[in-house]
Amino acid sequence: MSSVEVKEERARLLRSFIVPVAFMAICWIVKGIEEIFNLDFSFLGIKPLQADGILGIFLFHFLHGSWSHLCANTLPIIVLGACLYYFYKPIATKIGLLLIFSTGLLTWCGARGGVHIGASALIYGLAYFLMLSGFIRRNRNLVIVSFLVIFLYGSLIWGIYPKYAIENHISWEGHLAGLIMGIALAIVYRKEGPQREKPDENDDDADSDDDDRYWDVPEPPKEELTQPRYFRH
């Protein structure tokens, strides 16, 4: 790889962090405003099946109950979001927006009473989209990404168990919504974005030619036919 290509890849990698970092910057700014002015924006979260909770479908990802809650969500959003934008750039924004809306809608429709806030539903959506997409597309690089996400965030599965989640004051419904939508979007958009790598036709021709040359063993030269020699005694 030339130095120009290295610079281009480095720039592409840095660009993949822009949106997830900006997303989390908004979350930190919101939490900072709450702290500085002694406010509580949790009333803007999702209130299932309540009219005054509909706005939370779009806003609950940006709201967090504590600094520890915000810190816990920051790194996963940045890492998974950067993976989405680096490896699935053509559809990354579409997938991100659909996850934000759909996880909020499902949580509003099916969660237990109370107020649901936090970006963990989006984390689950991103994680399960990345986990499944690589295997569906059968792209070598994307499969590696899938295994990496499984290794890093496979333990997220515990967050959808109601008993564990309720004991820890976690919205398991939001997590389950993220899991469902991450898998659903991986299937629905399996034909958009990067696909399975196809063998280079030129390489195939070259291999074919090589094979032909390998089997095309030249016949040994035939001896020139000459008149037989007669020896008289």
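Tutor: K31 counts as buried because its relative accessibility is 10%, and the cut-off for that label is under 20%. The model is a predicted one, and every value below is computed from it. K31 belongs to helix α2. Along the chain, 39 residues separate K31 from L70, yet their C-alpha atoms lie 8.3 Å from each other.

Of the 233 residues in the chain, 38% are buried, and K31 is one of the buried residues.

The side chain of D40 makes a polar contact of 2.9 Å with the side chain of S42.

Now take helix α6, which covers residues 120–137. Its 18 residues reach 26 Å from the first C-alpha to the last, close to the 26 Å expected at 1.5 Å a residue. Is α6 mostly covered or mostly uncovered? It is mostly covered, with 15 of the 18 residues of α6 buried. Just after the helix, R138 has a positive phi of about 55°.

The whole structure holds 8 aromatic pairs. In one of them, Y88 and F129, the ring centres are 5.3 Å apart and the planes meet at 70°, so this pair is edge-to-face. Y88 comes from the loop between α4 (67–87) and α5 (89–110), while F129 comes from α6, so the pair ties together parts that are 41 residues apart in sequence. Y88 and F129 are both buried. Another pair, Y124 and Y128, is stacked, with 6.3 Å from centre to centre and 20° between the planes. These two residues are 4 residues apart in α6, so about one helical turn separates them. Y124 and Y128 are buried as well.

The charged end of R12 is placed over the ring of Y86, at 4.0 Å from the ring centre.

Helix α6 also takes part in the largest pocket, where α4, α6 and α9 (172–188) each supply at least two lining residues. The pocket has a volume of about 630 Å³ and is lined by 29 residues. Which residues lie nearest its centre? They are H69, S120, I170, S171 and H175. The helix that gives the most to the lining is α4, with 5 residues.

Technical notes: Residues numbered from 1 in each chain as written. Predicted model: local features only at pLDDT ≥ 70, side-chain atom pairs only at ≥ 80, totals over all residues. Heavy atoms only, no water. Expected span 1.5 Å × (residues − 1). Buried < 20%, exposed > 50% of the residue type's maximum accessible area, 1.4 Å probe, protein only. Polar contact = N/O pair within 3.5 Å; in protein donor to acceptor, adjacent residues only side chain to side chain. Phe/Tyr/Trp six-rings, centres within 6.5 Å; stacked < 30°, edge-to-face > 60°. Lys NZ or Arg CZ within 6 Å of the ring centre and 35° of its normal. 1 Å grid on protein atoms, 1.4 Å probe; cavity = no way out; pocket = protein on both sides within 12 Å on 5 of 7 lines; lining within 4 Å. Points joined across faces, edges and corners; volume = space filled by probe spheres on them.
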